[in-house]
Amino acid sequence: MFCKSNIWISSKPSLKWFWRIQWCSSTSKKLNLPNIDGNFSSFKKLKYPESMFVHDYNIAKDISETICTQLIKTYGNKQLELIEVNPGPCLITRHLLENTNYNIIIFENNYNAFVEFFSAIHSVYRNRIHIKHGNLLLLWKLGFQDRMDRGERVSKFLSPIATKQSWNQESPSLKIIAALPNKKFINYLIYSFIFQTGLMTYGRPEFYLLLPPSLFMKCSCKPIVDKKYYKTNTILFQSIFDIKLLKTYPRKAFFPPHSSKSESKNVRFKEIKEADTKYIILAKIVGRQDILEANGLTEDLLKPFWYFVKHHTISRKNFVIPMLEQWIPGCGPHFIAQGYTIFTQFGDLTPPQILKLFLKFISLPEYKDSPFLSSMESRIAKLLPSVQIASEDSVIEQSEHNSSLDLEEFNDKVN
């Protein structure tokens, strides 16, 4: 294996898997799943899939072992409740249930296609598994529909999850396993935290996500070194979450297969897009416990922080002091005293540095009377749809046309 542009790539055409990890626990129960070599032809036709699952038995085993090892390091032999999203033929689910004492809540988008697998698992592990038909990765769509007609789709969908818990508690309250075919769910997580709605209000999460290399790069890249990929959502994501690469797997072990029709024509991203056709990365993503602090970023400052990052990083070449003096004329000396120069650019700053810059900016006496807050409120008013009473069909149709709860802000082409 060698590292290239922060992406781990195998130097051999075939990957060898070494089983160096012992299973968390053993069980006498034996599960016989239906034949995995079934017909998945319907998934091959999907150009823009909304779910992805592993169909290779050995890869699924290694993924479950890797996740299990991480959980044991943190929680020991404690019985946990996991959430698994769109497991498909339940290969990862099977290994987790057979070799741990964990309970699992499953959200499955294509329930009817895999009903035999779910029936087989439920027949053996009745009390340890809860299966719900629906795609947790599409919470952004349910949230959009709720705002249009004051509905409660999100809360009803998440009803199998325990009651809401504090973000600041010592251990993450949500432990979620999912494979992401695109960036929409990552963008939703940012939105959900900033605007304190949906999934992120249920507590601090711990994700084990299978990501395309291009998406992992956008989430984990650094300023200057990876300046092509270091964008607004990178800064916001890294401010909220810590991300760590665990392992790399062959893309052919997952369905639906990668669609060449969706390849980017931008030559700047050609190399990383080619990696998407060959590999999938298993990453551990944990909400940062210290993001919300009494002396730092509080819930009432989340929206101002979001707008501060969004507005000033439209271009990574924006100069820090001239941009801030547009809000508060003459504030430059305050930031020069902190080590910034008139040539410092926002694209050169790390997420912690940008957060520190924001906290200094809002501490200035002139902040409350500056046009910053009114500009932010105007921007948010344009971002969020006005609440209106509409029929179910019209709401769904409108959400499909928008394709995301905040298409303009969170699913733009470059971020």
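Begin by selecting I342, which is partly exposed, with a relative accessible area of 48%; partly exposed lies between buried (under 20%) and exposed (over 50%), with a 1.4 Å probe and protein chains only. The model is predicted, so local features need pLDDT of at least 70 and side-chain atom pairs count only at pLDDT 80 or more, while totals for chains, interfaces and linings use all residues. Residues are numbered from 1 along each chain as its sequence is written, and side-chain values use heavy atoms, without hydrogens and water.

I342 sits in the loop between α13 (332-336) and α14 (351-363); helices are DSSP runs (H or I, at least four residues), numbered from the N terminus.

Next, select L199, F207 and F361, which touch the most other members of the largest nonpolar core, a set of 85 residues. A nonpolar core consists of buried Ala, Val, Leu, Ile, Met, Phe, Trp, Tyr and Cys residues joined through side-chain atoms within 4.5 Å. Helix α7 (residues 184-194) gives the most to this core, eight residues.

Centre on F207. Beyond its neighbours within four places in sequence, its contacts (heavy atoms within 4.5 Å) include I176, F185, L189, L199 and F241.

Finally, select helix α8 (residues 213-220): seven of its eight residues are buried, so the helix is largely enclosed by the rest of the structure. Among the buried residues are P213, L215, F216 and C219.

Definitions and conventions:
Helix = DSSP H or I, 4+ residues; strand = E, 2+ residues; numbered from the N terminus.
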